[in-house]
Amino acid sequence: MKMYTDVFNSDELLSDSFPIKEDGVCYVVEGKHVTRSAIGTADFGGVDQEEDTDEAESDTVTVLNVVDAHGLVETTYDKKSYLKHIKAYLKRVAASLPADQRASWDQQAQEWVKTVLADFDSYRFFTGASTDPEAMTVLMKTGEDGKTPFFYYFQQGLRAEVH
């Protein structure tokens, strides 16, 4: 299995267990809402298990599969704070690229950011488990069907490792 980690802090952000498509400077991953057993449910003796018929329903939660699988943490930005973050992040990524790739990558990344800013309220934001504010922010936008989540990762901000 191939794991993709953040180049700046090694947070696990993605794996090839999800179909990954390339879209310009980004990888795009289609996620889905899944229901799974709730973690950490315990009986502390307050309710007799046989008497509680609603407990089976409360033992499940609906999660985004990509977020759940990689321990992503949702965060919030307003447009101004996101712009400040993404400018600094793109500058760090560009500095890590070979000189002959920087101009092209920087132009493509800026064009992609413009499309995000034009539809800013449609996105949700996630960080890796460390919640490092200087690392990659993964963006999620719901597809045209109103249900399917799509996750966006800057390709140059990821390091692939085979496990």
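Of the contacts in this protein that join residues with a separation of 6 or more, 66% are between residues 24 or more positions apart, where contact means heavy atoms within 4.5 Å. The model is a predicted one, in which local features need pLDDT of at least 70 and side-chain atom pairs count only at pLDDT 80 or more, while totals for chains, interfaces and linings use all residues. Residues are numbered from 1 along each chain as its sequence is written, and side-chain values use heavy atoms, with hydrogens and water left out.

The secondary structure comes to four helices and 11 strands, both taken as DSSP runs numbered from the N terminus, with at least four residues of H or I for a helix and at least two of E for a strand. Buried residues make up 37% of the 163 residues in the protein; buried means under 20% relative accessible area, exposed means over 50%, and partly exposed lies in between, as computed with a 1.4 Å probe on protein chains only.

**The two sheets**

Strands of a sheet pair through backbone hydrogen bonds, either parallel or antiparallel. Here two strands are said to pair if DSSP finds at least two bridges between them.

| Strand pair | Sense and bridges | Bridge partners |
|---|---|---|
| β3 and β4 | antiparallel, four bridges | isoleucine 20 and valine 29 |
| β4 and β10 | antiparallel, five bridges | glutamate 30 and phenylalanine 150 |
| β1 and β11 | antiparallel, five bridges | threonine 5 and arginine 159 |

**Around the β3-β4 hairpin**

The hairpin of β3 and β4 has two residues between the strands, and in it glycine 24 takes a positive phi near 65°. Isoleucine 20 is found in strand β3 and counts as partly exposed, at 27% relative accessibility. The C-alpha atoms of isoleucine 20 and glutamate 30 are separated by 7.8 Å, although the two residues are 10 residues apart along the chain. When neighbours within four places in sequence are left aside, isoleucine 20 is in contact with Tyr4, Leu14, Ser15, Tyr27, Val28 and Val29.

Which residues does glutamine 155 touch, not counting residues up to four places away in sequence? They are Glu22, Asp23, Gly24, Val25, Cys26 and Tyr27. Glutamine 155 itself is found in the loop between β10 (149-154) and β11 (158-162), and it counts as buried, at 16% relative accessibility.

**Helices α3 and α4**

The axes of helix α3 (residues 79-96) and helix α4 (residues 99-118) come within 11 Å and cross at roughly 165°. The two helices are therefore roughly antiparallel to each other, a term for angles over 145 degrees, whereas those under 35 count as roughly parallel, 65 to 115 as roughly perpendicular and the rest as oblique. On the α3 side the contact is made by Lys79, Tyr82, Leu83, Ile86, Leu90, Val93, Ala94 and Ala95, and on the α4 side by Arg102, Trp105, Ala109, Trp112, Val113, Val116 and Leu117. By class, this contact has 13 nonpolar, no polar and two charged residues, where Ala, Val, Leu, Ile, Met, Phe, Trp, Tyr, Cys and Pro count as nonpolar, Asp, Glu, Lys and Arg as charged, and the others, Gly among them, as polar.

Histidine 85, in turn, is found in helix α3 and is buried, with a relative accessible area of 10%. Leaving aside neighbours within four places in sequence, histidine 85 is in contact with Tyr77, Pro133, Ala135 and Thr137.

Methods: Axes fitted to C-alpha atoms, helices over the stretch in contact; angles between N-to-C directions.
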